[in-house]
Amino acid sequence: MAEPQGWVDCHDPFGRDRSMTVLVEDDRVLLVAPPGESAVMSVTQTRRLHRLLDQAADRM
């Protein structure tokens, strides 16, 4: 079962609140985006996603 690493708040193209989730499963990192949506992120949110992905990779 995938272990949650964290999430990043974002918006869809219509401005609705969404989130992207980072999970770790065995030797894989899973990035779960809003279903059927695009994620619109600020610079700060992009940096947070970068940190979460780095942390997930370090755990493997």
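Biologist: Which residue stands opposite Leu 23 in E3?

Modeller: Strands are DSSP runs of E, at least two residues long, and helices are runs of H or I of at least four, numbered from the N terminus. Two strands pair if DSSP finds at least two bridges between them. Here Leu 30 in E3 faces Leu 23, and E2 and E3 pair in the antiparallel sense over five bridges. The two strands form a hairpin with two residues between them, where Asp 26 has a positive phi of about 55 degrees. This is a predicted model, in which local features need pLDDT of at least 70, side-chain atom pairs count only at pLDDT 80 or more, and totals for chains, interfaces and linings use all residues. Residues are numbered from 1 along each chain as its sequence is written, and side-chain values use heavy atoms, leaving out hydrogens and water.

Biologist: In what order do the elements of the chain run?

Modeller: From the N terminus, the order is β-β-β-α.

Biologist: Which residues make up the largest nonpolar core?

Modeller: A nonpolar core joins buried Ala, Val, Leu, Ile, Met, Phe, Trp, Tyr and Cys residues through side-chain atoms within 4.5 Å; buried means under 20% relative accessible area, exposed over 50%, partly exposed in between (1.4 Å probe, protein chains only). The largest core holds eight residues: Val 8, Cys 10, Met 20, Val 22, Val 24, Leu 49, Leu 52 and Ala 56. Strand E1 (3–11), strand E2 (17–25) and helix H1 (43–58) each give two or more residues to this core.

Biologist: Is Leu 31 buried, partly exposed or exposed?

Modeller: Leu 31, in strand E3 (residues 28–32), is partly exposed because its relative accessible area is 42%.
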